[in-house]
Amino acid sequence: MKTNIGDRVRFLNDVGEGIVTKINKNIAYVLIEDGFELPMSENELVVIKSEVQNNVKAEIPIIEKQIIEERYIAETYEEIDGNDKPNIYLAFISANPDDVLHSEVSLYLINDCNYILSYVISLNADDIHKHFCNGTIEPNTKILLKKLFFNDLNNIEYFLMQFILYKNNEFEPVSPINHVWKLNHKKFTKDGCFEINDFFDEKAMIYCVTDDLEEKILNLSSDLISSVIKEKQLSEVYQKQLGEKFKARPEPIISEVDLHINNLLSDCRGMSNHEILEYQMKQFHTKMNEAINSNISKIVFIHGIGNGTLKNEVRNTLTNDYPKYKYQDASFKEYGFGATMVILKS
């Protein structure tokens, strides 16, 4: 059966269904209940409720109809002169910036350029990689991806983001963008992390996916670079003179060990959970003994949250095998709930 705009369709080779919002050649764009619009080949769709039945237009639910109408309006977007360079941002807005740890955080995607943006975002949490969201966003717009609590964010190690940029008419091709962003959880608790910005009325924490540090460095003038180097040299001379005059108390040496299996092994496929735990604890003993035999004052073991198995094993081992050393939760601002600090020397 031929697919028409407004038809409710079911995916032939996948689980799910939705409403057809537009058709371009043999590609139908299907709006699913999560609010995302998926491009699908018409051959992969089965019409379960046609828009036209006995010449009577089928009724589309009001909410879906509103979303479809908004999609049509978005097709008539206007380009902004000189805004063809891809600029993609993630933005976090807290319901209560003064208490981020206990408030809801809204995650937005911002497409600040004249290209249509197709995106797929996945994440890694507790050593498990999984889908987070996907869809399409029109030029020079922003959309709400999801609402999360800080505990949800604290479980996320990193986001893997993939973007394809294109236009409906003639355009200059842009290479697909693949970007990995490792979350710095302690940044969410720092004063001033949510700032006044150009995209929202509220204060937000903005992360630029397409920020090119190398390009910024290349654009620095040689005079500015020379000035920075000169200031650094003067600062080093001053610090040396100051150090000779005042003997500062040495800072305690702190070692950090990440026990996540993907940090210890490049490939753990085929290993059982028991074998993974054994390998992690073997590394724990090795690093612990190395620290004891050196001048390290404190050592932090990052074990994550997960189901608590690794954390409990680490702490039971410390109690039984290393009873002379005290341990405690590591800094929450730096490690969240997922690390234990062992005090070797006071």
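**View 1. Lining of the largest pocket in the predicted model.** The residues that line the largest pocket divide into 8 nonpolar, 13 polar and 4 charged, in a structure that is a predicted model. The lining comprises 25 residues in total, and Asp126, Asp127, Asn273, Ile276 and Gln280 are those that lie nearest the centre of the pocket. The space within the largest pocket amounts to about 640 Å³. Helices α5 (261–264), α6 and α7 each contribute at least two residues to this lining, and α6 gives the most, with 5 residues.

**View 2. Packing of helix α6 against helix α7.** Helix α6, spanning residues 273–292, packs with helix α7, spanning residues 309–321, at an angle of about 40°, and the two axes are 11 Å apart. Angles under 35 degrees would count as roughly parallel and those from 65 to 115 as roughly perpendicular, and α6 and α7 are therefore oblique to each other. The crossing in which α6 passes α7 is right-handed.

**View 3. Residues at the contact of α6 with α7.** On the α6 side, the contact is formed by Leu277, Gln280, Met281, Phe284, His285 and Met288, which meet Thr309, Leu310, Glu313, Val314, Thr317, Leu318 and Asp321 of α7. By residue class, this contact of α6 with α7 divides into 7 nonpolar, 4 polar and 2 charged residues. Gln280, a member of the α6 side of the contact, is also among the residues that lie nearest the centre of the largest pocket.

View 4. Glu195 is found in the loop that runs between β14 (177–182) and β15 (205–208). Leaving aside residues up to four places away in sequence, Glu195 touches Glu202, Lys203 and Ala204. The C-alpha atoms of Glu195 and Ile206 are 8.2 Å apart in space, with the two residues 11 residues apart in sequence.

Terms used. Residues are numbered from 1 along each chain as its sequence is written. This is a predicted model: local features need pLDDT of at least 70, side-chain atom pairs count only at pLDDT 80 or more; totals for chains, interfaces and linings use all residues. Side-chain values use heavy atoms; hydrogens and water are left out. Axes are lines fitted to C-alpha atoms, for helices over the stretch in contact, and angles run from 0 to 180 degrees between N-to-C directions. Helices (H or I, at least four residues) and strands (E, at least two) are DSSP runs, numbered from the N terminus. Angles under 35 degrees count as roughly parallel, over 145 as roughly antiparallel, 65 to 115 as roughly perpendicular and the rest as oblique. A crossing is left-handed if the near helix is turned anticlockwise from the far one by less than a right angle, and right-handed if clockwise. Contact means heavy atoms within 4.5 Å. Ala, Val, Leu, Ile, Met, Phe, Trp, Tyr, Cys and Pro count as nonpolar, Asp, Glu, Lys and Arg as charged, and the others, Gly among them, as polar. On a 1 Å grid over the protein atoms alone, a cavity is a set of points where a 1.4 Å probe fits but cannot get out, and a pocket is an open set with protein on both sides within 12 Å along at least five of seven lines; lining residues have an atom within 4 Å of a point. Grid points are joined across faces, edges and corners, and a volume is the space filled by probe spheres set on the points.
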